[in-house]
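Trainee: I have a model open and want to learn to read it. Can we go through it together?

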Amino acid sequence: MAMWIQAQQLQGEALHQMQALYGQHFPIEVRHYLAQWIESQLWDSVELDNPAEEAKAKHLLDSLMAELQRKAQHQVGEDGFLLKIKLGHYATQLKGTYDRCPLELVRCIKHILHSEQRLVQEATNASCGSAGQALDSLSQRHQQINQAFEELRLATQESENELRKLQHSQEYFIIQYQENHRIQAQINNLASLPLAERTPRETTLQSKRATVEAWLTREASTLQKYRLDLSEQHQKTVNLLRKQQTLILDEELIQWKRRQQLAGNGGPAEGGLDVLQSWCEKLADMIWQNRQQIRRCEHLTQQLPLPGPMEELLSKLNSEITDVISALVTSTFIIEKQPPQVLKTQTKFAATVRLLVGGKLNVHMNPPQVKAVIVSEQQAKALLKNESTRNDSSGEILNNNCVMEYHQATGTLSAHFRNMSLKRIKRSDRRGAESVTEEKFTVLFESQFSVGGNELVFHVKTLSLPVVVIVHGSQDNNATATVLWDNAFAEPGRVPFMVPDKVLWPQLCEALDMKYKAEMHSGRGLAEDNLVFLAQKAFPSNNNNPHPEDYSGVTISWSQFNRESLPGRNFTFWQWFDGVVELMKKHLKPHWNDGAIMGFVNKQQAQDMLLSKPNGTFLLRFSDSEIGGITIAWVAENPNKTGERLVWNLLPYTTKDFSIRSLADRISDLNHLLFLYPDRPKDEVFAKYYTPPLSKAVDGYVKPQIKQVVPEFTTPNPEPVYMEQAASPTISNTTTFNIFPPMSDPMLDADGDFDLDDTMDVARHVEELLRRPMVNQWSSPQP
């Protein structure tokens, strides 16, 4: 099946070539649904030019028909009904095509498999670059796993052959043992005969019995040696299985889970589970085969007890391999789709759990039910220690039971919780300065099922990534900080849900960059100078360090990240950063991706940069004093002093401002803004985002429009309709001109901070202007 999985990943011309291999002579659907069976057959052992091999080919054809019929019979549901009919049709079609020439079927399948192998190999070589020969670490790991599976397959097959030999030898031994008893009975029956007649016959039987008993003695030793050799071989196979399982579960699956966790911070998607499932299914198949072999050995030992340690050895082997399959089953019960990590009460959410070996172990024949409950951090710790939690939970989840479904087309067994809702939450006592948005919970999924006809019963459980429960949207910001810190810095195998209190600054930079790029849907993340700006904000005492390497050994604590307010502010470092992300995500994403927003620049840096450029040059930077604010800084002449140039900073815009008028339109309104730093004409950058002009008057009515003006940089116009936005220089006091009457409450306070109430006053002023009769605003008095 591994070859088919790789073949499905082919692209372009290679994919077309692969598809062209199939048709009425051999449908691609047969290849798909019987992939594992097809790849496990010894097609190359059939000599196509030897007519004597036709019987072997006929056996393969009959086996193929049987597999198709078996696969068809297992289809259930509406989709399964159609697939059942289709597979039955293919069985009839192939039977009619190859029944008289089964060697042609072998020829066809050999050609398909060899062609697929060639196409996959060519694609693999091409992906390796010009060197083309060296495999990357991922391919090497996969190659190592596949080689180990081949070694296990051969070992299992060899054990099976040896077991059959042992069984045959033991059956013959029992026959000879019965023969010895029959001879002894004949000797006993001679006692009634006359001595003359009895003696020669007794001598013959005694000789025959001695021969049989000598053979039995030798054969008993041989059987014992066979048993010991076979148990030793099984022990080696069990060790190989355990090693392979460790590689798949403790490395590959753990890495997948880590990728899933980082995806919660905006990292790359964790990738599909198909390859992992195929490996786990192979493991389950081989473990089960070896377990059945060991049980058959136990049966043979019970059938013919011989002196020696075999009973104890087999009991130990049986216990070991049962532990191996138990570990496989419990470890492959995983969460494919995590519940949201910031979980709001009374809000619908979803999750999906999957059993990677469910299809292989036929668990779906009696579909198990999965239950979801929410538990606290302390309860999660107790669960991992196998301590009883008395079935306690920390809240009530509605619609928290779901039956696992088997999807025939994909071979997956999963439970889809589509309509869960957290009705209530029970919080624990908090420690010290910990807030409700720092308290972590987890969703526990658990189920119980049996395999092998109730031979083994498994109680499986798995914990979701930590979730933070909120009751109001205002808590989302701080809850997201807790989740980001946990996802970024959690160690595999940790005690729930321990994370370091301090991390190196470069580690946090990596997490912030990952989050930022994901929210911007762009490859343009945080550049080195952006990260230096953030470092200077997080560590105000290090403001004189302008290079990234100056912060390489600096640590930042959780308190510095999102518990302690920044100096002179009423918000934390994370709250400021998250405000920037939200603003960009909602309104300014295209401009960031175009490179139009510099963003991470402070006032002094903006001044130094702009004073070296012509008047009218401007840049966009994030506000230091406003959460989720962005301002325009530009250079212009000081209207109060000839020959002096100043850098002006417009009062910060927020989400509310951009819901009224977009950034591009606001920049278009301000005619004194000419060049985006360093020297790009503003229309070249922003024109594609301008709102088209309003249509002409209809039925005598003219639509009003809101325009942004900065009074000090605007020529007078009688009774204009505008939304005022004040400006402030960074290095001198504002000069007030009498072109417009000053507002009684300026929007910009003495510290250059934004005031929401003042903004609302402006909005109400605009509304009042818009309510005036059109004739008064736009028409001159009638004579």
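Trainee: In which strand is the place of Ile335?

Mentor: First, the ground rules. This is a predicted model, where local features need pLDDT of at least 70, side-chain atom pairs count only at pLDDT 80 or more, and totals for chains, interfaces and linings use all residues. Residues are numbered from 1 along each chain as its sequence is written, and side-chain values use heavy atoms, with hydrogens and water left out. Strands are DSSP runs of E, at least two residues, and helices are runs of H or I, at least four, numbered from the N terminus. Ile335 sits in strand 1 (residues 333-337).

Trainee: Is Ile335 buried or exposed?

Mentor: Buried means under 20% relative accessible area, exposed over 50%, and partly exposed in between (1.4 Å probe, protein chains only). Ile335 has 4% relative accessibility, so it counts as buried.

Trainee: How far apart are Ile335 and Leu465 in sequence and in space?

Mentor: They are 130 residues apart in sequence and 9.2 Å apart in space, C-alpha to C-alpha.

Trainee: How many bridges join strand 15 to strand 16?

Mentor: Two strands pair if DSSP finds at least two bridges between them. Here 5 bridges join strand 15 (residues 630-637) to strand 16, and the two run antiparallel. Val635 has Val647 in strand 16 as its bridge partner.

Trainee: Why is strand 16 largely enclosed by the rest of the structure?

Mentor: Strand 16 (residues 645-650) is largely enclosed because 5 of its 6 residues are buried.

Trainee: Is Leu82 buried or exposed?

Mentor: Leu82 lies in helix 6 (residues 77-98). Leu82 counts as exposed because its relative accessibility is 54%.
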